[in-house]
Structures are given as C-alpha cells and as structure tokens.
Amino acid sequence: MSDIFRLDGKLALVTGSSQGIGHALLSGLAAQGAIPVVNNRNAERTAAAVKAFEEQGIKAYAAPFDVTDKHAVEDGINAIEETVGPIEILINNAGIQYRSPLEDFPEEQWHRLLDTNITGVFLTAQAVARHMIKRGSGKIINICSVQSELARPGIAPYTATKGAVRNLTRGMCTDWAKYGLQINGIAPGYFKTPLNQALVDNPEFSAWLENRTPARRWGNVEELVGAAVFLASPASSFVNGHVLAVDGGITVSV
Ligand code: NAP
C-alpha cells in the first residue's frame, strides 16, 4: 500500500508550471518520483524553472509553448514524446483571469479567456491523449475552480470557462476511459498566486473570503499537491471523471 502514491520515473507535464499553482503541483509530483516537464509561454521562465529543479538534483525538461496555439502545442508535445519519453501524466493548469463588469467586458478579453482556459485544455489534452490512447494508459488532470460551480461579480467569462473545463473533464472521461485513460479535475478554492494578486492586495476581499470559507482562511498552494498526487498515482486507479474540490469547504456552504 505504501507505494500506491509513488510516481517514480513517470514523465509529468504541467502547463503553466513556471509559477503559482502549476509550479507547486509539478514540484509535488517530482517529490513522489515523477520527472517534471515545465511549460509556459516564455522560454526564459521555463528554463529558469528547469534550472531550479536541477539545482535540487531533479532531472527536468522544458516544453515552452502557448496552449492556445494548436501547432505549437502539437510540436511541443511530439518533441517531448520523441526525445524524452512518454508523457504519462498531464495537468492542464495554464489559465488566466480578467476582471470587469459584464456589461463592459471587452470582447477581446472574452476571446483571450476562452482561448486560454478552455481551448488550451482541449488542444493540449487532445495532443497528449493521442499518444496515451496508443499506449492504453495515462492520467489527465484538469484544473477547474470554485468558479466551475459558483459565480462572482466581475468574472462571469472566467466562470463560464471553468464550468466548461468541469464538463470537458466529464466528456474526456466518457470518450477516453475505454482506452485506459483517467481524466479527473481539481477545483481549487482561493490561493495566493499572481493570478489573484488584485484580491490578495484587497483587505476587504480577504476579510470577506476568510469569513465566507468554512476553514476561515486562504489556501496554500502546497495544499493542492495531495489531490494531484492521488489523481496522478495508482491510488486513484478507478476514479474517473471526478472533480475534487480543494477549497476549505467554500462550495458546500452558503
Ligand atoms: P498564475 O500564477 O497566473 O500562473 C498561470 C501560469 O499559466 C503561468 O505560469 C503562466 O505563464 C501560464 N500561462 C498563462 N497563459 C498561458 C498560455 N497561453 N500557454 C502556456 N502557459 C500559459 O495562476 P495560478 O493562480 O497559479 O492559476 C493556475 C490555474 O489554477 C489556472 O487555471 C487558474 O484558473 C486556476 N485556479 C487558480 C486559483 C487561485 O486561487 N489562484 C483558484 C482556482 C483555480 P506565462 O504567463 O509565462 O505563459
């Protein structure tokens, strides 16, 4: 039983893993023996994250590409598969936020959000799943959100994308579980990352959040690792299409 959470030698690609939640998740998988593949759009930041892993004695690889660019996604994933090895774990984490009252929401920001938060998940999962399907196994974890279930003022388009990621997770399971793939989601509550800097800097929001969350606090990104290790490891071998909330109880309480 003690080995069911181990990930030794498994190649793990996490999109958007040069900082924030993605970086914490990739580090957590590496601590269980996985080989990290770092992705974001900026090759210098990707290389810096790889260097930081290697300074800890962990062999890591860089795969800088923009998840919204179909050809870049396919080229990046095929290059890893051909030159490094099979991607056995994929976490679709790259995501963006934009805040504005819905009646004034700029159309170009609507398209940016959909392109990154939902089309990026589709393109990356499809490119990796094609390899996983041939092998008859693979773990895909899609990063959803409290906003997969609940809306908040000023972020309606983000809410739409995260609801879509939740249901795309179910659709991927429905289409790909028969090939031996497992596709699940993690729905984080509120974590202090650059994406949330405007909220972190707002004492009124922090007070509201701490009061609204049954656990009475923000989450620490390291607290998402357990869920990712579970869903990436043999421990979850019959879990499929599930979205696991890691949110201090905020989505079960009014
Ligand atoms: P973050 O700190 O802003 O990090 C986002 C990462 O995604 C960065 O590494 C960024 O790197 C990368 N990225 C953005 N667009 C990309 C693209 N088109 N292609 C490749 N990489 C891209 O955000 P975070 O807070 O860690 O959020 C990570 C995920 O968790 C997101 O999906 C977010 O919606 C979700 N989430 C966050 C929270 C929270 O409380 N923070 C709560 C629920 C859900 P570059 O900009 O260098 O490309």
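Predicted model: local features only at pLDDT ≥ 70, side-chain atom pairs only at ≥ 80, totals over all residues.

Mentor: Residues are numbered from 1 along each chain as its sequence is written, and side-chain values use heavy atoms, with hydrogens and water left out.

Trainee: How many residues surround the ligand, and which are the closest?

Mentor: A residue counts as near if one of its heavy atoms lies within 4 Å of the molecule. Here 30 residues surround the ligand, the closest being N40, R45, Y158, T193 and N196. By class, this shell holds 13 nonpolar, 13 polar and 4 charged residues, where Gly counts as polar and Tyr as nonpolar.

Trainee: Which oxygen distances involve the side chains of R45, R41 and S18?

Mentor: A polar contact is a pair of N or O atoms within 3.5 Å. A polar side-chain atom of R45 lies 2.6 Å from a ligand oxygen, the corresponding distance for R41 is 2.7 Å, and for S18 it is 3.2 Å. The protein covers 95% of the 890 Å² of accessible area that the ligand has on its own, as computed by the Shrake-Rupley method with a 1.4 Å probe.

Trainee: Is N40 buried or exposed?

Mentor: Buried means under 20% relative accessible area, exposed over 50%, and partly exposed in between, with a 1.4 Å probe and protein chains only. N40 has a relative accessible area of 8%, so it is buried. N40 is found in the loop between β2 (35-38) and α2 (43-55), and its side chain makes a polar contact of 3.4 Å with the side chain of S18.

Conventions
Polar contact = N/O pair within 3.5 Å; in protein donor to acceptor, adjacent residues only side chain to side chain. Helix = DSSP H or I, 4+ residues; strand = E, 2+ residues; numbered from the N terminus.
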